[in-house]
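Have the structure open and follow along.

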Amino acid sequence: MFSWLGTDDRRKKDPEVFQTVSEGLKKLYKTKLLPLEESYKFHEFHSPALEDADFDNKPMVLLVGQYSTGKTSFIRYLLEQDFPGMRIGPEPTTDSFIAVMHGDTEGVIPGNALVVDPKKPFRKLNAFGNAFLNRFVCAQLPNPVLESISVIDTPGILSGEKQRISRDKEMSGYSCLHRCPYGGYDFAAVLEWFAERVDRIILLFDAHKLDISDEFSEVIKALKNHEDKIRVVLNKADQIETQQLMRVYGALMWSLGKIVNTPEVIRVYIGSFWSHPLLIPDNRKLFEAEEQDLFKDIQSLPRNAALRKLNDLIKRARLAKVHAYIISALKKEMPSVFGKENKKKELIASLGDIYKRIEREHQISPGDFPNLKKMQDLLQDQDLTRFQALKPKLLEAVDDMLASDIASLMVLVRQEESQRPNSAVKGGAFDGTLNGPFGHGYGEGAGEGIDEAEWVVARDKPAYDEIFYTLSPVNGKVTGANAKREMVKSKLPNTVLGKIWKLADIDKDGMLDDEEFALANHLIKVKLEGHELPSELPAHLVPPSKRKIAD
């Protein structure tokens, strides 16, 4: 059990006790941030109000990509079983948003029923109307992977003239901020809604079709301000040769660099995420290493979920503060009686200047301001005279939350993380390579010879012995100084050689006999071949004459 005591000296309240980070976040949001959002119509401009389920739900992974990039197959690969409503094919098959979640029984919950369930974090999606809800379902099934995370499958993004014609036909009679071929709802806005609430966003690309369509480009731009959650998967990479794969990877990085405007290079994982045989197995080791890195990233989500929710609340609070300054500035400039419409047009046109003035007056970073064009569009339908003037007490409450409450809650986050060190995602593909000879790196590097009866170092020991006897051994051992002169010829850093020495000097006498010297050279070879050194010497690497000492 954890407790976090928060006191308010100004109001002399009794201390409040929070049992979990989730409870603390809910309390802070409802008492300090929500009043500011409601006063300045934050929910009409940016994002619906948060509910308890938003703080309590499991980590979610959002899959986004053009059609036939393998999104549904990727989920099938992780779960190692089919899920209700799953359709896979080379043509655009997934035409709905599918939330794949854990359930005691297998089944599908339609969107209209889903958004009235208070235990699910989707209630605010009802704002997108029946056009969206008819294409939103929850697929539930008892799967161990889904006990830790939920996965959101999305419709394949279309491109080309044919799709644009289709889009215009389907959108007739509808008015959306971003027109799309998804049956009359704002696809980019729905993705943005999910992006604010998920823990990881995975963009999938097909190695055979890297062209980023206008539609996909707009979608990626809608994920702005969530770049820290984005990972990229270059899928179906086993279908092209190594040389071509290098060119495809370079082309993908170039294309992404024009759209994702971040100083950091976005992380791209290369592989083929389905259970079929590799067509071109030349890069098998690369695919295995990339898969393990991606799996580790996904497996860390439950452990970091509380920190992510805390981070998202901070980002929301900063945006809500800026929004309050903008709304109150517009209210201040509006006349009370005559010329309201003309003044409204003038203020909307000069909104960029208002941004700059607020930035100077309150020392706010330009990156904290909402998109100018989007804000101008939304203001067109608002009555600026009904806006609220600046209320310092509401802003002070948010400042107090950011300055003191969040720092206190961070301590509780670390405590919860320390109490749940083994909260990684388990089951499905995540367990496929944990045990047995098919684990990543099994039988390679320091693991070479693990299943062999003979000591693996003995293969090269004659060559190592020749060097050993040139180092003037005394009583069958070479001194540390003499061994060092030979070991530094590897050009490995002293920190690495020091670790090798610690592993090889089994009897800890500061000298090496012929077996220990051979072991040291074997570990040097392991490192020079690009493998990592073990933290402790594996049993199969212990020299035969030293195995009683090791025991």
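This is a predicted model: local features need pLDDT of at least 70, side-chain atom pairs count only at pLDDT 80 or more; totals for chains, interfaces and linings use all residues.

Of the 551 residues in the chain, 50% are buried. As for the fold, count 21 helices and 12 strands. Look at contacts with a separation of 6 or more, and you'll find that 76% of them join residues 24 or more positions apart.

Now for the inside. How many cavities of 30 Å³ or more does a search of the whole structure find? The search turns up 1, and the space in this largest cavity is about 40 Å³. Helix H3 (52-56) and helix H8 (187-197) are the elements that each give two or more residues to its lining. Among the lining residues are Ala53 and Asp54, along with Trp193 and Arg197. Lys120, Pro121, Phe122, Arg123 and Lys124 also line the cavity, as does Glu51. Sorted by class, that lining has 6 charged residues, 4 nonpolar ones and no polar ones.

One more stop: Asn143, which sits in the loop between strand S6 (136-141) and strand S7 (150-153). Is Asn143 buried or exposed? Its relative accessibility is 2%, so Asn143 counts as buried, the cut-off being under 20%. What does the side chain of Asn143 reach at 2.9 Å? That would be the backbone nitrogen of Val145. Setting aside neighbours within four places in sequence, Asn143 is also in contact with Leu79, Gln81 and His102.

Key:
Residues are numbered from 1 along each chain as its sequence is written. Side-chain values use heavy atoms; hydrogens and water are left out. On a 1 Å grid over the protein atoms alone, a cavity is a set of points where a 1.4 Å probe fits but cannot get out, and a pocket is an open set with protein on both sides within 12 Å along at least five of seven lines; lining residues have an atom within 4 Å of a point. Grid points are joined across faces, edges and corners, and a volume is the space filled by probe spheres set on the points. Helices (H or I, at least four residues) and strands (E, at least two) are DSSP runs, numbered from the N terminus. Ala, Val, Leu, Ile, Met, Phe, Trp, Tyr, Cys and Pro count as nonpolar, Asp, Glu, Lys and Arg as charged, and the others, Gly among them, as polar. Buried means under 20% relative accessible area, exposed over 50%, partly exposed in between (1.4 Å probe, protein chains only). Contact means heavy atoms within 4.5 Å. A polar contact is a pair of N or O atoms within 3.5 Å; within protein, one must be able to donate a hydrogen and the other to accept it, and residues adjacent in sequence count only if both atoms are side-chain atoms.
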